[in-house]
Amino acid sequence: MTLGNVRDELVELLAWYGELGVDCAVADEAVDWLRHGDVAPGAAVRQALRAAPNSRSPETGAERVGGGQTSRRAEAPPGFEVQRRSGKAATGSAANPTASAAAAQAASGLRQTAAGAGGQGASEARRLAEEAKTLEQLRLGLEEFEGCSLRATAKNTCFYRGAETARLMIIGEAPGRDEDLAGKPFVGRAGKLLDLMLAAIGIGESDVHITNVVYWRPPGNRTPTLQETESCRPFLERQVQLVAPEFVLLTGGAAAKSVLETTEGIMRLRGKWKELKIGGHHVRALPTLHPAYLLRTPAAKRQAWRDLLMLRKALD
Ligand code: URA
């Protein structure tokens with residue numbers, strides 16, 4: 001085989017990885033998962049979490065208490081407060097680290113428990129977010145912020161697109177490849193579909209403020225981990241306060257779970273309004289299906305359309 005052939009093969013292999021969404025390295029050493037036999041990726045992380053007292057379950061994001069039972073967070077939240085139908089406030093913090101995220105963490109040797117998720121990053125974020133009196137200052141705070149590990153692999157910070165203040169705010173999961181390159185949320189294929197969906201109910205970019213639960217692209221487009229969403233949370237809370245929306249559309253399970261601090265799946269959550277207080281600001285939040293899911297599952301557009309009509313009605 002000539003050097004040229006080897007090079008061509010490598011280029012082809014890299015292009016294939018790119019198409020699969022594997023477009024950056026998450027660790028210095030490659031992990032050969034086939035050598036691990038029956039042990040699922042992330043098993044070491046799950047084991048460490050199980051052993052840690054009062055750590056969050058990797059499956060649910062809920063805290064472990066005593067003999068391995070899970071419950072929602074017991075202590076008061078730093079910002080989000082979901083008011084259940086009963087009128088009782090339920091608080092907590094949850095976003096499911098996916099198996100692939102756990103695998104990535106295991107591969108890079110990051111054996112953190114989720115207890116105190118966000119950790120020092122969250123306290124730095126809180127300080128910077130509190131100092132910001134305008135969205136522009138919040139953007140500068142984000143640029144200064146070093147406490148979210150996603151920064152290390154992202155090209156740009158994706159803060160928001162659309163209006164500075166709006167009755168409607170849309171919160172998605174995380175920037176993807178196109179967003180990372182453009183430095184703006186929802187500008188790729190899913191974003192284009194989102195724009196069409198909004199246009200269908202008479203909402204243009206100047207009527208809405210669009211953002212995500214994390215501001216940097218997770219490597220390989222994986223779901224952001226609990227630590228990552230928690231470290232960004234103070235910025236998101238401040239953003240909501242500054243934008244002051246009446247309504248928040250939560251697109252997809254990851255955003256809905258993180259903002260509503262629940263472990264329930266999007267299929268159960270979607271199409272139901274939730275009363276929510278974010279840093280003292282009251283909003284009505286509507287979880288719906290993610291446009292990227294709709295691209296893969298066009299039959300689900302019917303459900304999304306129903307949710308959009310609910311939103312239109314509420315705005316009217
Ligand atoms: N998906 C999201 O959740 N957010 C984006 O910004 C792009 C795709």
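A: The model is a predicted one, and its residues are arranged with 12 helices and 10 strands. Of the 316 residues, 47% count as buried.

Q: What share of the contacts join residues at least 24 apart in sequence?
A: Among contacts between residues at least 6 apart in sequence, 71% join residues that are at least 24 apart.

Q: Why is L14 called exposed?
A: The word exposed is used for a relative accessible area over 50%, and L14 has 59%, so the label applies. L14 lies in helix α1, which covers residues 3-20.

Q: Which residues form a nonpolar patch on the surface together with L14?
A: The patch consists of V6, L10, L13, L14, W16 and Y17, and together these residues have about 570 Å² of accessible area. Members of a patch need over 30% relative accessible area, and L14, at 59%, is over that value.

Q: Which residues touch the most other members of the largest nonpolar core?
A: That core has 59 residues, and W216, F235 and L311 are the ones that touch the most other members. Helix α8, residues 226-243, gives the most to this core, with six residues.

Q: What is L311 in contact with, leaving aside its neighbours within four places in sequence?
A: With those neighbours left aside, L311 is in contact with L168, I201, I203, F247, L249, W273 and L286. The term contact requires heavy atoms within 4.5 Å.

Q: Are C232 and C158 buried or exposed?
A: Buried means under 20% relative accessible area. C232 has a value of 0% and is therefore buried, and C158, with 1%, is also buried.

Q: What is the phi of E261, and where is E261 placed?
A: The phi of E261 is near 50°, a positive value in a residue other than glycine. E261 is in the loop between α9 (253-260) and α10 (266-269). With a relative accessible area of 4%, E261 is buried.

Q: Why is the pairing of E131 with R127 called a salt bridge?
A: Side chains of opposite charge can pair when their charged atoms come close. The cut-off for a salt bridge is 4 Å between nitrogen and oxygen, and the closest N and O atoms of E131 and R127 are 3.3 Å apart. E131 and R127 are four residues apart in helix α4 (residues 119-131), so about one helical turn separates them. E131 counts as partly exposed at 48% relative accessibility, and R127 is partly exposed at 40%.

Q: How do you know that E143 and R151 meet in a salt bridge?
A: The N to O distance for E143 and R151 is 3.9 Å, and the salt bridge cut-off is 4 Å. E143 counts as partly exposed at 39% relative accessibility, and R151 counts as partly exposed at 23%.

Q: Are E230 and R233 buried or exposed, and what links them?
A: E230 is buried, and so is R233. A salt bridge links them, with the closest N and O atoms 2.8 Å apart. Both lie in helix α8, three residues apart, about one turn of the helix.

Q: How many salt bridges are found in the whole structure, and which residues are linked in a network?
A: A search of the whole structure finds 12 salt bridges. R161, D195 and E205 are linked in a network of salt bridges.

Technical notes: Residues are numbered from 1 along each chain as its sequence is written. This is a predicted model: local features need pLDDT of at least 70, side-chain atom pairs count only at pLDDT 80 or more; totals for chains, interfaces and linings use all residues. Side-chain values use heavy atoms; hydrogens and water are left out. Patches are made of residues with over 30% relative accessible area and no salt bridge: like charges are joined within 9 Å, nonpolar side chains (Val, Leu, Ile, Met, Phe, Trp, Tyr) within 5 Å. Accessible areas come from the Shrake-Rupley method with a 1.4 Å probe; for residues, only the protein chains shown count as cover. A salt bridge is a side-chain nitrogen of Lys or Arg within 4 Å of a carboxyl oxygen of Asp or Glu. Helices (H or I, at least four residues) and strands (E, at least two) are DSSP runs, numbered from the N terminus. Buried means under 20% relative accessible area, exposed over 50%, partly exposed in between (1.4 Å probe, protein chains only). A nonpolar core is a set of buried Ala, Val, Leu, Ile, Met, Phe, Trp, Tyr and Cys residues joined through side-chain atoms within 4.5 Å.
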